[in-house]
Structure formats: C-alpha cells, structure tokens
Amino acid sequence: MGVVLSVSAAAALLLIIYRLLAGRSRADVAYRLIRCPACAQKVRYPQERAGCTGMCPRCLRKLTLPEKAQPLAPALVPHRVGQRLLNRAG
Ligand SMILES: [Zn+2]
C-alpha cells in the first residue's frame, strides 16, 4: 500500500513539474513581428533575440531583428491565392 501511494505520488509530482516547465516555456516567451523588406513575409521572432541577426523563412535573406517593437507594415505584394481566385472569377 505504501509503495503504491509513493509511486502515484511521484507520478503526480512529475506531472506537476512537467506542466510547470512546459507552461512556462510557452507563456514567458514574448514574440514580435516584422515584415521582411525583401519579400514582405511576416517574420516572428522571440523578443530576447532583438538586436540579433535572423533569416527570413521564405526568401532566406538576412534580417536584422529590431530592438524596439515596430508597427507591422501592410503587405505591398498582393496575396497570391486571392489573385488566383480573382482571375478565376473574372
Ligand atoms: Zn523574405
């Protein structure tokens, strides 16, 4: 009986620790958004990487991640899917 109790108590403790760690890693990381100047792709980066150099996931160009949060500029390139739908309709 004592063994069963201690095993389940250990399992419960592990579950609590796991949830604390998993929850913290998701909640504590603040992300910022910038738009790639080359291809207008929205790029998300962790706030702690501000000032570092990153890479655009779409065009693979080097990006300098700004230290201060910037308002996200609207995309200058029209969305391809929308354009295709417009062409089909017209
Ligand atoms: Zn890009």
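Which element of the protein has the lowest mean pLDDT, and which the highest? Helix H2 has the lowest, at 62, and strand E3 (residues 53-55) the highest, at 96. Here pLDDT is the predictor's confidence in each residue, on a scale from 0 to 100. This is a predicted model, in which local features need pLDDT of at least 70 and side-chain atom pairs count only at pLDDT 80 or more, while totals for chains, interfaces and linings use all residues. Residues are numbered from 1 along each chain as its sequence is written. The average pLDDT of the protein is 79, and 67% of the residues score at least 70. Where pLDDT is low, the predicted coordinates should not be read in detail.

The overall layout comes next. The protein has two helices and four strands, and along the sequence they follow the pattern α-β-β-β-β-α. Helices (H or I, at least four residues) and strands (E, at least two) are DSSP runs, numbered from the N terminus. Of the 90 residues in the protein, 2% are buried. A residue is called buried if 20 or more other C-beta atoms lie within 10 Å of its own, exposed if 12 or fewer do, and partly exposed in between, with C-beta atoms placed from the backbone. Among contacts with a separation of 6 or more, 19% are between residues 24 or more positions apart. Two residues are in contact if their C-beta atoms, placed from the backbone, lie within 7 Å.

Strands E1 (residues 31-35) and E2 (residues 42-46) form an antiparallel pair over five bridges. Pairing requires that DSSP finds at least two bridges between the strands. Tyr31 has Pro46 in E2 as its bridge partner, and Ile34 stands opposite Val43 in E2. In a regular strand the side chains alternate between the two faces of the sheet.

The hairpin of E1 and E2 has six residues between the strands. Ala40 lies in this loop and has a positive phi of about 65°, although Ala40 is not a glycine. Ala40 counts as partly exposed because 17 C-beta neighbours lie inside 10 Å.

Leu60 is exposed because it has 10 other C-beta atoms within 10 Å.

Cys56 also has its place in the loop between E3 and E4. With 19 C-beta neighbours inside 10 Å, Cys56 is therefore partly exposed. Leaving aside neighbours within four places in sequence, Cys56 is in contact with Cys36, Ala38, Cys39, Gln41, Val43, Arg61 and Leu63. One of these, Val43, is the residue in E2 that stands opposite Ile34.

Is Lys68 buried or exposed? Lys68 is exposed, because 7 other C-beta atoms lie within 10 Å. Lys68 and Gly51 are 17 residues apart in sequence, and their C-alpha atoms are 8.7 Å apart in space.
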